[in-house]
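Hi everyone, thanks for coming.

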Amino acid sequence: MINERVGAFEVKVDVLESKEAGWMAFEVTAAGMGPEPIFMHWGVGKQRADEWLPPSELQSRTTPPAERVQGAFQTPFPDADSQGHRKILIEIQEDAGLKGFQFVLHKRPDEWLKAGNNNFLVDLMKLESNKCFMSLVQKAIKAAPDAKVEHWSCGGATVAVLAKPSSSACEVQVLVDSTMHLILQYGPAGPDQRWASSTRLPLETVEGTVTKGNVSLTGDAISKYLMFVLHEPSSNQWLKDGGRDFAFQIPEMPAAAPKESFAPEPRQRMQRQQSQKLENHFEEAIKEEPDAKVCSWKVPGTDMELAVLATASEEDCNVHVLVDCDADLVLQYGLAGQDRAWKSSQRAPLARIRGSKQRHEAFVTIPAADVETFFMFVLHDGAVNRWFKHGAHDFEFELPRHEKWDQAKKEAEARRAAEEELRMKGKKDFMASRNQRSAKSDISFAAFELDDDCGSIDVSCFSSNDKSAAHVEIRAWLNPKLNDCVMHFGVFAKPNSGAWTSAKDYAQVKWPDLVKIDEQACQMKLSKMDATTHGVDF
């Protein structure tokens, strides 16, 4: 349900199967906290999940027992187990009518650990809607009681990963509860959590909004971590663990039976077979660019042939991928250093060359400051969900070099350092003035954190001097990496209705300039107040 990192600390909340009828059970796990005494400072919500009220002993309980303090309960974390985890069991009576509970971690006398600027929140109403998902997760756990299990919640999706190792493979099941149609993109990684390869897997519907994907890891794919993200293609939305890719630590594999040979033979890369006919396609380009680099392959076990040509200019590196086959393919590519570990992953459809039934091509432009040693890629046939590689390895193409690229990298690093300095100063100033905005908000105040460190938003609502009107101030610190932003919004006709209506329908509100998008939504621009702060008032 919750899997949050706070600096070097990690906080998780997992749903357990209750041992007593009529009770819900949750396990709160804290890791990396050290041996010092630490407490879970918590409260419950009766009207809303994010409400904070002191718990009642008849409605909730913890193991170890909680101590009542002013406005809350505090439960001490016991000593860490062999894995360095400190755990608290919290139980809530099902008929208590509670909407949720929330907590912060407290080290006495005055250190408080939160999820960014918010408390750790467990929404029981959302959990109720996720019962089908949790039932399927528990069913999978019963079928493989020795499996390692982890949960995440992000972007309106709930994710569970179960992994059961054997002597030769690690069987992984990914369960996702979401109204979106998602694709699982995954790959193995070492301790540095850098992807070594990338594979896409459409998720299959199990029941309702729950989908699943099964992955069998063998050979080189059994690494330290299984990295993954979830992709919604229609809106090109990517779901991650906050600003990072999901990282699931693969459980330790059982020791394999000893081999007869004293030393295993190193796994050799497959010798490349050239495609002369595709290299001939690039003859004219090479005449114009004598320093261009070309490499070609005949794909093992298929009739497919492909070639890559790359040219270097002062500003960028241009890559031309040419494929000879009769299927419609997608190029999935990324850049890598000498270790050939992918640093990123992007997809580009291969376009059929006019007048040819077999040949397809794609063009990729890499800015000079971003060029690495290798251009890594694989090919995907979505119609049959088949991936084409160079044997067991991804295709790798060593990029050409240009004498100006090192200077471009240094200049880009200097720009990023200056942007980071500006970003941190702007964010620090914005956060420093948050208490002032909250203090003047005699009606309400709310703060929001955007994913991937994109920004922070404060909404202040306060009375006019004569108490005849309510003023709303929206202030946003936006990361400089964002382009110009507009606020896309709707109005709730009734409290908690959840249904957007157009702001144009409310003449009694003195809106700034609005653009009507449809019957539910409008947009308005945020005024730039300084380098990183934006705002709008009404």
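This is a predicted model: local features need pLDDT of at least 70, side-chain atom pairs count only at pLDDT 80 or more; totals for chains, interfaces and linings use all residues.

Residues are numbered from 1 along each chain as its sequence is written, and side-chain values use heavy atoms, with hydrogens and water left out.

Back to the strands. When I say helix or strand, I mean DSSP runs numbered from the N terminus: H or I over at least four residues for helices, E over at least two for strands. Two strands pair if DSSP finds at least two bridges between them. Strand β12 (residues 148-154) runs antiparallel to β13, joined by seven bridges. On to β14 (residues 170-177): eight bridges join β13 to this strand, again antiparallel. Here valine 159 sits opposite valine 176 in β14, and a hairpin of four residues carries the chain from β13 to β14.

So is β13 itself enclosed or open? Seven of the nine residues of β13 (residues 157-165) are buried, so this strand is largely enclosed by the rest of the structure. Buried here means under 20% relative accessible area, exposed means over 50%, and partly exposed is in between, using a 1.4 Å probe and protein chains only.

Let's zoom out. The protein has six helices and 41 strands. Its C-alpha trace spans about 80 × 65 × 45 Å along the principal axes. Of the 538 residues, 43% count as buried. Contact means heavy atoms within 4.5 Å, and among contacts between residues at least 6 apart in sequence, 58% join residues at least 24 apart.

Valine 294 is partly exposed, at 25% relative accessible area. Leaving out residues up to four places away in sequence, valine 294 touches Glu279, Phe282, Ile286, Val308, Leu309 and Phe397.

Next, salt bridges. Side chains of opposite charge can pair when their charged atoms come close. The rule here is a side-chain nitrogen of Lys or Arg within 4 Å of a carboxyl oxygen of Asp or Glu. How many salt bridges does that rule give? The count comes to 23.

Take aspartate 324 and arginine 359: their closest N and O atoms are 3.4 Å apart. Aspartate 324 lies in strand β24 (residues 316-324) and arginine 359 in strand β28 (residues 359-367), so this pair ties together parts that are 35 residues apart in sequence. Aspartate 324 is buried, with a relative accessible area of 8%.

Another salt bridge brings together glutamate 396 and arginine 340, at 2.8 Å from N to O. That pair links distant parts of the chain, 56 residues apart: glutamate 396 is in strand β31 (residues 395-398), and arginine 340 is in the loop between β25 (330-336) and β26 (346-349). Arginine 340 is partly exposed, at 26% relative accessible area. There's a network too: Arg434, Arg437, Glu449 and Asp458 are joined by salt bridges that share partners.

Now for the later part of the chain. There's an open sheet of five strands with antiparallel pairing, in the order β32-β33-β34-β41-β40. β32 and β40 (527-528) are at the edges with a single partner strand each, so one side of each has no neighbour in the sheet. Inside that sheet, β33 and β34 pair antiparallel over nine bridges, with valine 459 opposite isoleucine 474 in β34.

Valine 459 turns up again in the second largest pocket. A pocket, on a 1 Å grid over the protein atoms alone, is an open set of points where a 1.4 Å probe fits, with protein on both sides within 12 Å along at least five of seven lines; lining residues have an atom within 4 Å of a point. This pocket has 31 lining residues, and Ser444, Val459, Gly490, Phe492 and Phe538 lie nearest its centre. β32 (444-449), β33 (455-463), β34 (470-478), β35 (486-489) and β36 (491-492) each supply at least two residues of that lining.

That's the tour, so over to you for questions.
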